[in-house]
Amino acid sequence: MERQIEFAGILSNDKFQNPDFYNWNKVKIRYCDGASFSGNVKNELQNGTKFFFRGQRIWEAVMSELLLKGLRHAKQAFLTGCSAGGLATFIHCDNFRTLLPKDSRVKCLADGGFFLDVEDISGQRTMRAFYNDVVRLQDLRGRFPHCGPNVDLGQCFFPSEVVKDIITPVFVLNPAYDAWQVQHVLSPVASDPQHSWLECRLDISKCDSNQLEILQGFRKKLHDTISELKHKKDWGFFIDSCFIHCQSLNSLTWHSPSSLRVNNKTIAEAVGDWFFDRREVKEIDCEYPCNPTCHNLGRARGSLRKEKEANENESGQDQENESTVMPR
């Protein structure tokens with residue numbers, strides 16, 4: 001792992017890049033356990049090999065240390081995460097709430113972590129099979145009580161199941177055409193032996209009409225799943241129509257003059273409005289390619305790189321599996 005990590009986007013200390021949270025205390029938790037800080041295996045030896053998948057203990061150790069450093073006195077606290085860190089945010093949100101004073105404002109933000117249980121282009125459920133392996137390897141059977149006996153173990157690890165029991169307010173930030181999911185869930189390399197998705201999976205502007213139709217179906221699946229959260233009064237969401245993955249850790253996508261906007265609000269403005277109860281935020285963007293403010297991978301990769309080179313505090317898209325704790 002890198003010795004130094006850049007703090008940008010929601011972690012920036014620049015008031016113009018991060019108007020609502022620039023002066024908060026911020027901690028980034030490095031991700032390394034492979035199951036969003038949820039594993040806690042008892043038996044180290046598996047098939048003749050020693051494994052130490054105990055991410056739950058990492059989570060508990062970090063929280064214990066932060067509480068001693070002053071987190072237990074926080075008046076406001078925000079647990080956030082991107083990608084696998086977004087999934088970790090869903091998994092640990094309620095536990096995080098229990099650690100803080102009852103009269104403090106505590107909420108959670110999951111960025112790019114709403115992974116979908118969908119068939120890939122070959123008709124296989126690649127992501128569910130992967131999650132099945134994770135659950136089995138890290139002995140997570142008892143970790144998710146929301147899953148009944150008739151539910152496939154791999155399904156238990158998807159946010160659509162995890163969110164059913166979450167009580168703490170959560171904000172779901174996700175692109176409708178999540179680039180990581182398009183590449184690894186919808187069109188993994190193994191599902192495309194003819195390489196017909198080679199261009200499309202890297203740049204949505206290179207997709208043909210049939211591929212775009214499949215992507216619109218993927219978007220609809222996300223919207224159908226998210227719609228079930230509308231009844232959660234204190235929850236918020238921001239589902240844009242961009243082809244990107246993780247948007248809260250990059251100042252260009254989080255809050256800048258050229259940032260993505262939905263209903264004329266940047267992501268930072270929408271999240272801040274929701275966190276501080278300034279308004280209800282349940283934003284759903286129109287279909288691609290309707291939003292010209294999107295920074296899509298492929299077309300925008302060059303501009304993202306230039307932004308990173310121009311700003312020493314730019315985090316880019318290479319640190320997408322972290323969780324962050326922001327107490328104040």
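Let's start with a group of rings: Phe21, Trp24, Phe78, Phe171, Trp274, Phe275 and Phe276 form one aromatic cluster. Please keep in mind that we are looking at a predicted model.

The charged end of Lys107 sits over the ring of Trp274, 4.6 Å from the ring centre. That charged end of Lys107 also sits over the ring of Phe275, at 5.7 Å from its centre. Do have a look at both rings on your screen.

Next, the aromatic pairs in general: the count for this model comes to 17. Another example is Phe90 with Phe114, which is edge-to-face, with 5.8 Å from centre to centre and 80° between the planes. Phe90 lies in helix H2 and Phe114 in the loop between E5 and helix H3, and this pair links distant parts of the chain, 24 residues apart. Why do we call Phe90 buried? Its relative accessible area is 1%, and buried means under 20%. Phe114 counts as buried too, because its relative accessibility is 1%.

Helix H2 brings us to the strands. This helix, residues 84-99, lies across strands E4, E5, E6 and E9, and it runs at about 155° to E4.

So what is the order of strands in the sheet? It is an open sheet of 7 strands, in the order E1-E9-E4-E5-E6-E7-E8, with mixed pairing. At the edges are strand E1, residues 27-29, and strand E8, residues 282-284, each pairing on one side only. Neighbouring strands in this sheet are turned by 15° against each other on average, ignoring direction.

If pairing is a new word for you: strands of a sheet pair through backbone hydrogen bonds, either parallel or antiparallel. For a case to look at, take strand E7, residues 236-240, which is joined to E8 by 3 bridges, and these two run parallel. There, Ile239 stands opposite Ile284 in E8.

Methods: Residues are numbered from 1 along each chain as its sequence is written. This is a predicted model: local features need pLDDT of at least 70, side-chain atom pairs count only at pLDDT 80 or more; totals for chains, interfaces and linings use all residues. Side-chain values use heavy atoms; hydrogens and water are left out. Two strands pair if DSSP finds at least two bridges between them. Helices (H or I, at least four residues) and strands (E, at least two) are DSSP runs, numbered from the N terminus. Axes are lines fitted to C-alpha atoms, for helices over the stretch in contact, and angles run from 0 to 180 degrees between N-to-C directions. Contact means heavy atoms within 4.5 Å. Rings of Phe, Tyr and Trp (its six-membered ring) pair if their centres lie within 6.5 Å; planes under 30 degrees apart count as stacked, over 60 as edge-to-face and the rest as tilted. Buried means under 20% relative accessible area, exposed over 50%, partly exposed in between (1.4 Å probe, protein chains only). A charge sits over a ring if NZ of Lys or CZ of Arg is within 6 Å of the ring centre and within 35 degrees of the ring normal.
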